[in-house]
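Work through the exercises below with the sequence and the model open side by side. Each task is followed by a stepwise solution.

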Amino acid sequence: MRDIDFKRHRRLRRTESMRALVRETHLRTEDLIFPIFVLEGEGIKNPVASMPGVHQVTLDYLNEEMKELVDLNIRSVIVFGVPNEKDEVGSQAYHEDGIVQRAIRQIKEDTPSLTVVADTCLCQYTDHGHCGVVREGDIANDESLSYITKTAVTQAQAGADIIAPSNMMDGFVAAIRKGLDEAGFCHVPVMSYAVKYASSFYGPFRDAAHSSPQFGDRRAYQMDPSNRLEAIREAESDVDEGADFLIVKPALAYLDIMREVKDRFNLPLVAYNVSGEYSMIKAASQNGWVNEQEIVLEKLTSMKRAGADLIITYFAKDAARWLNQ
Ligand code: PBG
């Protein structure tokens with residue numbers, strides 16, 4: 001019964017082994033970067049209410065957490081600090097014994113095989129919750145660069161393998177690159193949050209990191225979700241300034257941007273699968289509305305298909321467990 005002409009695509013889908021043979025995109029545990037939130041103090045493992053399965057931990061819990069990652073074959077972490085003290089300029093961000101600097105030192109000592117990425121921003125450390133210093137109601141770009149650079153240098157001194165600036169000030173890659181080079185860290189790469197949108201998907205993170213702006217919002221420095229060409233301009237200037245990796249953030253609502261950045265620039269591309277994307281899936285699966293394992297692997301694979309080489313994700317441990325099965 002074939003008097004019309006058509007193609008038989010289903011030939012390549014008939015069995016699992018045939019599907020595996022023609023699969024184009026592969027997700028590996030090595031692609032995943034696990035975010036951790038470190039707290040000052042001792043003996044605390046605090047669940048983040050809006051992110052089931054995510055905890056803030058004090059340093060005495062860190063080693064077992066890192067060992068778990070190594071056992072799962074996850075190779076890298078990104079460290080976020082939750083300091084006790086905040087002030088106008090976020091001085092705990094660049095203190096040599098700040099919570100992140102101590103956490104980095106401890107991880108590099110105890111679990112040297114892990115690649116430690118330091119998130120470099122001021123918002124968890126400033127009393128107003130903005131990512132730079134505030135002058136006359138505005139976030140002062142150039143003055144903020146000096147604080148963010150100091151932060152990057154102390155993180156490198158603590159042993160960070162990669163510096164990941166996320167504060168969206170203009171020129172942050174150039175400033176940090178110069179600061180690192182002058183301090184003797186020309187070998188430490190910069191993973192730039194090059195394309196970071198002012199997104200409502202960050203809501204749960206701000207609970208986890210205590211980093212909500214106390215007035216206004218971040219739209220005068222993070223990008224407008226409507227813009228595509230602006231993403232290219234942002235990535236282009238970071239490449240010119242010496243970035244070694246580019247991050248697109250958030251991930252799911254911005255897969256088009258990811259593909260475009262990947263096609264235009266020859267740098268490793270990182271997707272940041274952000275907190276709101278995590279919490280929505282957790283909530284739906286806790287209600288039994290979706291199959292968590294299938295939906296998480298599908299969505300992480302879609303980020304790789306869109307061009308991401310690496311994915312920062314709170315699902316890293318779960319995904320690694322499923323991938324290792
Ligand atoms: C800090 C920072 C944020 C996130 C990562 N680094 C929050 C923000 O910009 O408000 C968000 C991560 C997430 O939602 O998972 N600048």
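**Exercise 1: The surroundings of Asn273**

Leaving out residues up to four places away in sequence, Asn273 touches Ala251, Lys299, Leu300, Met303, Ile311, Ile312, Thr313, Tyr314 and Phe315. The model is a predicted one.

Solution. 

**Exercise 2: Two annotated lysines**

Task: find the residues that UniProt lists under "active site", and describe where each one sits.

Solution. 
- Step 1. Read the record. The unreviewed UniProt entry lists Lys196 and Lys249 for this feature. They are spread over 54 residues of sequence, yet they cluster in space, with a largest C-alpha distance of 4.9 Å. Both Lys196 and Lys249 are in the lining of the largest cavity.
- Step 2. Assign the strands. Lys196 is in β9, residues 191-196. Lys249 is in β10, residues 245-249.
- Step 3. Judge burial with the cut-off of under 20% relative accessible area. Lys196 has 6% relative accessibility and therefore counts as buried. Lys249 has 9%, so Lys249 counts as buried too.
- Step 4. List the contacts, setting aside residues within four places in sequence. Lys196 touches Ser166, Met168, Tyr202, Gln222, Met223 and Lys249. Lys249 is in contact with Tyr193, Val195, Lys196, Tyr197, Tyr202, Tyr272 and Val274.
- Step 5. The Lys196 side chain reaches the backbone oxygen of Ser166 at 3.1 Å.

**Exercise 3: Around the ligand**

Task: which residues come nearest to the ligand, and how much of its accessible area does the protein cover?

Solution. 
- Step 1. Pick out the nearest residues. There are 18 residues around the ligand, and Arg206, Gln222, Lys249, Ser275 and Tyr314 come nearest.
- Step 2. Check the polar distances. A polar side-chain atom of Ser275 is 2.7 Å from a ligand oxygen atom. For Gln222, a polar side-chain atom lies 2.8 Å from an oxygen atom of the ligand. With Lys249, an N or O atom of the side chain is 3.3 Å from a ligand nitrogen atom.
- Step 3. Read off the cover. On its own the ligand has 400 Å² of accessible area, and the protein covers 100% of this.

**Exercise 4: An annotated glutamate**

Task: where is Glu234 placed, and is Glu234 buried or exposed?

Solution. 
- Step 1. Start from the record. UniProt puts a "binding site" feature at Glu234, in an unreviewed entry.
- Step 2. Find the element. Glu234 is in helix α7, residues 229-241.
- Step 3. Apply the cut-off. At 17% relative accessibility, Glu234 counts as buried, because buried means under 20%.
- Step 4. Name the contacts. Beyond four places in sequence, Glu234 touches Met168, Asp170, Ala194 and Met223.

**Exercise 5: Packing of helix α11**

Task: which residues of helix α11 are buried, and which elements do they pack against?

Solution. 
- Step 1. Take the helix, residues 316-324. Its buried residues are Ala316, Lys317, Asp318, Ala319, Ala320 and Trp322.
- Step 2. Trace the partners. The buried residues of α11 pack against the strands β1 (32-39) and β12 (310-313), and against the helices α2 (62-71), α9 (275-286) and α10 (292-305).

Definitions and conventions: Residues are numbered from 1 along each chain as its sequence is written. This is a predicted model: local features need pLDDT of at least 70, side-chain atom pairs count only at pLDDT 80 or more; totals for chains, interfaces and linings use all residues. Side-chain values use heavy atoms; hydrogens and water are left out. UniProt positions are given in the numbering used here, feature names are shortened, and annotations may be inferred rather than shown by experiment. On a 1 Å grid over the protein atoms alone, a cavity is a set of points where a 1.4 Å probe fits but cannot get out, and a pocket is an open set with protein on both sides within 12 Å along at least five of seven lines; lining residues have an atom within 4 Å of a point. Helices (H or I, at least four residues) and strands (E, at least two) are DSSP runs, numbered from the N terminus. Buried means under 20% relative accessible area, exposed over 50%, partly exposed in between (1.4 Å probe, protein chains only). Contact means heavy atoms within 4.5 Å. A polar contact is a pair of N or O atoms within 3.5 Å; within protein, one must be able to donate a hydrogen and the other to accept it, and residues adjacent in sequence count only if both atoms are side-chain atoms. A residue is near a molecule or strand if one of its heavy atoms lies within 4 Å of it. Accessible areas come from the Shrake-Rupley method with a 1.4 Å probe; for residues, only the protein chains shown count as cover.
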